[in-house]
Structure formats: structure tokens, C-alpha cells
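Below is a short note for a colleague who has not looked at this structure before. The points can be read in any order.

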Amino acid sequence: MLKGIISLAIVLSICVLPVNAAEGPYTVENNNWGGADGMILNCYTTGIVDSGTQVSTWTKTGNPSQKWFIYSEAGGKQSLRPQANTSLALNANRSAIGTTANVLTASTNNPLDYRITSNMHKTPGNFKIILPARYNHTAPVYLTAHGPKAMCTWQYYNGNTDWIAGNY
């Protein structure tokens with residue numbers, strides 16, 4: 001009987017994506033600003049991707065700062081983490097709408113500021129990167145692109161918020 005229980009536990013652990021398991025790396029292209037230039041989600045730096053690095057759209061360069069992993073998080077949420085430093089997660093500054101998106105250290109950040117909802121890894125095609133409402137915000141906020149080679153922000157509206165994931 002003990003062998004049966006252990007076998008069942010092993011099978012279940014293989015079938016269920018555990019918390020903090022990663023998928024990727026992917027490129028995350030903005031559907032509104034993609035086209036021939038292929039504007040993809042990018043950690044805006046010429047050096048090391050560290051906590052506080054801002055996030056923009058940029059032309060594909062092949063740098064690990066443009067490759068993203070989807071991590072499974074508690075509560076059925078995900079986090080989006082740059083390959084260049086997977087201890088960081090895409091973050092929303094909840095003090096004001098319109099602030100520039102950045103990446104912060106996940107282990108010391110409030111999980112509600114980086115646990116996104118997205119159908120990115122389940123449904124091919126367009127998806128949105130959404131943080132659920134909390135604090136003073138009564139509606140979800142969307143990762144929003146503002147054009148080629150521009151900083152991304154978090155907004156209530158969902159224009160310029162369609163993204164497409166691709167294998168790098």
C-alpha cells in the first residue's frame with residue numbers, strides 16, 4: 001500500500017506544474033508595435049539587469065534581458081522573469097497609475113505586485129499581462145506599450161496591451 005501511495009505521489013508531482021516551475025524562455029512582442037521592427041519586452045539597460053531596471057519595448061538584440069520565463073506562483077498566478085536575472089519579476093508600482101514598469105527582486109517584494117494573471121502559456125496568440133486590483137485601485141492594471149523603443153507602464157485601460165509570446 002505504501003508503494004502505491006508513493007507511486008501516486010510521484011505521478012501527481014509530474015502532472016502538476018509546481019510553484020516556481022519555469023517555462024521558457026520566450027520573447028514577448030507587443031502586438032500593436034510589432035510589425036517589421038518586432039518590438040519586444042526588454043529590460044532597459046546596457047549592463048546588468050538588477051532590481052529597479054525599467055522595462056521597455058525594443059528591437060530584438062538577442063540579449064538575455066529580452067528573454068522571459070513564466071514562473072508558476074501560488075494561487076494560480078504567474079510571474080514574468082527576465083532570463084538575465086530570474087530572481088527579479090516584472091513589477092507594478094502601486095503608488096500611481098502610469099508609472100514605468102520595472103523588475104524588482106521577487107523574494108523581498110510584495111507578491112501582489114508581481115503575480116500576474118495571463119493566458120500566455122495556455123493559449124497561442126494574443127494575451128494581456130494583468131495585475132489584479134488591490135490597494136486604492138478598484139480595477140486591474142495592464143502592462144501597456146507606448147510605441148517602439150518606449151517605456152512600458154501600468155494602466156487601467158487595455159489599449160496597446162496585446163502581447164504575443166514566441167520562442168527565442
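Is Ser79 buried or exposed, and what is its relative accessible area?

1. The model is predicted. Ser79 is buried, its relative accessible area being 0%. This serine sits in strand β5, which covers residues 78–82. Leaving out residues up to four places away in sequence, Ser79 touches Phe69, Ile70, Tyr71, Glu73, Ala89, Tyr114 and Ile116.

2. How many salt bridges does the structure hold? There are 2. Lys128 counts as partly exposed because its relative accessibility is 21%, and the cut-off for buried is under 20%. Asp162 is also partly exposed, at 21%.

3. Thr153 is found in strand β11. It is buried, with 7% relative accessible area. Its side chain makes two polar contacts worth checking on screen: one with the side chain of His146, at 2.5 Å, and one with the side chain of Gln155, at 2.9 Å. When neighbours within four places in sequence are set aside, the residues in contact with Thr153 are Gly98, Thr99, Thr100, Ala101, Tyr142, Leu143, Thr144 and His146.

4. Some backbone values deserve a look. Most residues other than glycine have a negative phi, and most peptide bonds are trans. Lys149 has a positive phi, near 55°. Its place is in the loop between β10 (141–144) and β11 (153–155), and at 46% relative accessibility Lys149 is partly exposed. Asn160 has a positive phi as well, near 60°. Asn160 lies in the loop between β11 and β12 (163–167) and is partly exposed, with a relative accessible area of 27%.

5. Which two residues does a cis peptide bond join? They are Gly24 and Pro25, and omega is about 10°. Pro25 is placed in strand β1, residues 22–30.

6. Last, the open space. Rolling a probe the size of a water molecule over the atoms shows where empty space is left. The largest pocket has a volume of about 150 Å³. Its lining is made up of Asn42, Cys43, Tyr44, Thr45, Thr46, Gly47, Trp58, Thr61, Asn63, Ser65 and Gln66. By type, the lining of the largest pocket has 3 nonpolar residues, 8 polar and no charged.

Conventions: Residues numbered from 1 in each chain as written. Predicted model: local features only at pLDDT ≥ 70, side-chain atom pairs only at ≥ 80, totals over all residues. Heavy atoms only, no water. 1 Å grid on protein atoms, 1.4 Å probe; cavity = no way out; pocket = protein on both sides within 12 Å on 5 of 7 lines; lining within 4 Å. Points joined across faces, edges and corners; volume = space filled by probe spheres on them. Nonpolar A, V, L, I, M, F, W, Y, C, P; charged D, E, K, R; others polar. Helix = DSSP H or I, 4+ residues; strand = E, 2+ residues; numbered from the N terminus. Buried < 20%, exposed > 50% of the residue type's maximum accessible area, 1.4 Å probe, protein only. Salt bridge = Lys/Arg side-chain N within 4 Å of Asp/Glu carboxyl O. Polar contact = N/O pair within 3.5 Å; in protein donor to acceptor, adjacent residues only side chain to side chain. Contact = heavy atoms within 4.5 Å.
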